[in-house]
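Have a look at it first.

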Amino acid sequence: MEKIYDVIIIGAGPAGMTAAIYASRANLSVLMLEKKFYGGQMQSTGEIENYTGYEEISGPELSEKMFQHSKKFGTEFAFGHITDIKEIDGLKVLTANSKEYVAKTVIIATGTEAKSLGIPGEDKFSSKGVSYCAVCDGAFFRNRKVVVIGGGDSAVEEALYLSNLVEKVIIVHRRDELRAQKILQDRAFAKENIEFVWESVPVEIKGDMKVNAVSVRNLNTNEITDVEADGVFIYIGMNPQTSDFQNLGILDENGYVIADEHLETKLPGVFVAGDVRQKEIRQVVTAASDGAIAAQSAYKYIELS
Ligand SMILES: Cc1cc2nc3c(=O)[nH]c(=O)nc-3n(C[C@H](O)[C@H](O)[C@H](O)COP(=O)(O)OP(=O)(O)OC[C@H]3O[C@@H](n4cnc5c(N)ncnc54)[C@H](O)[C@@H]3O)c2cc1C
């Protein structure tokens, strides 16, 4: 018979790791399962300077600190990709790589993942110049030219990070102004080695063995030009990681998990935290906050049942 945990947390990003701290400090037995690497999106973030208490900290460093903290009060951690959640005799039975885990409550904290462009060359040159992670791959492009696609916070933040490594960053954005926070925009405009290609979208990533150019189409003139580059970093938005939970009936039309203010879904004992939840602001601090709320709600659910 498998061990019955009080709480199983799916995903070890800031939401899952904070839920782990709160649940284990409340003396619940907790298992946190992660399919890739703990830290979640923070592992692919250069500098974080808006998480309270840290004026500036690298994403990987904050991941490590949170992970060590999450285990301090007894949370167990294991790697595993949860592909199914079933309700059997009032318990949640989770499946990961043909192994089963059993719990009284579940917290879904599976976050989001980067959207792809879906243009020719993107798959072909994946890891040969196409990247979704400046922290992971930026160093390969030292003193070279890279294109960043996008104009939101992530695109501009990561363009700034890359600008300290590479010779030149060219931001290609579909609008005539950035969407990123003003402080990031000001920094980007002040950088001599960041250039902009406005009102343009990428249509093809070209190369031979590796990327050597990105073809972009101007949305006003329809003219297509090649922007020479050794690498292309794509930041055009995120998708919720919920494809494994589609049969549960808890997702909105965009695939985000719907929950009440206690972060409980319509399935009793199934809670949600972080970017995967239907909400407005997706940041480390809001993910952590969700983790605390979901864990406390799981605690109350167990107390009352
Ligand atoms: C490039 C970039 C820069 C950013 N910069 C900042 C910033 O400066 N400041 C800020 O506050 N925020 C920033 N963010 C946003 C921030 O990283 C996210 O809001 C935060 O990480 C969300 O945390 P989370 O725990 O909800 O999800 P995630 O961090 O996405 O973690 C979810 C985890 O769940 C795992 N998982 C998914 N599905 C399963 C499954 N079925 N089974 C097991 N495990 C699973 C994933 O592998 C992942 O590790 C940035 C994001 C990006 C991409």
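In this predicted model, the S-S bond of Cys133 and Cys136 has a torsion of about 75°, so the disulfide is right-handed. The sulfur atoms of Cys133 and Cys136 sit 1.9 Å apart, and the count of disulfides here comes to one. Cys136, at 43% relative accessibility, is partly exposed.

Now for the ligand. It has 36 residues around it, and the closest are Glu34, Gln41, Glu157, Asp275 and Val284. By type, that shell splits into eleven nonpolar, 16 polar and nine charged residues.

| Residue | Protein atom | Ligand atom | Distance |
|---|---|---|---|
| Pro14 | polar backbone atom | oxygen | 3.2 Å |
| Ile82 | backbone N or O | nitrogen | 3.0 Å |
| Glu157 | side-chain N or O | nitrogen | 2.8 Å |

How much of the ligand does the protein cover? On its own the ligand has 1000 Å² of accessible area, and the protein covers 96% of that.

Which elements give two or more residues to the shell around the ligand? They are helix 1 (14-25), strand 2 (30-34), helix 4 (153-163) and helix 6 (284-304). Helix 4 gives the most, with three residues.

Methods
Residues are numbered from 1 along each chain as its sequence is written. This is a predicted model: local features need pLDDT of at least 70, side-chain atom pairs count only at pLDDT 80 or more; totals for chains, interfaces and linings use all residues. Side-chain values use heavy atoms; hydrogens and water are left out. A disulfide is a pair of cysteine sulfur atoms within 2.5 Å. Buried means under 20% relative accessible area, exposed over 50%, partly exposed in between (1.4 Å probe, protein chains only). A residue is near a molecule or strand if one of its heavy atoms lies within 4 Å of it. A polar contact is a pair of N or O atoms within 3.5 Å; within protein, one must be able to donate a hydrogen and the other to accept it, and residues adjacent in sequence count only if both atoms are side-chain atoms. Accessible areas come from the Shrake-Rupley method with a 1.4 Å probe; for residues, only the protein chains shown count as cover. Helices (H or I, at least four residues) and strands (E, at least two) are DSSP runs, numbered from the N terminus. Ala, Val, Leu, Ile, Met, Phe, Trp, Tyr, Cys and Pro count as nonpolar, Asp, Glu, Lys and Arg as charged, and the others, Gly among them, as polar.
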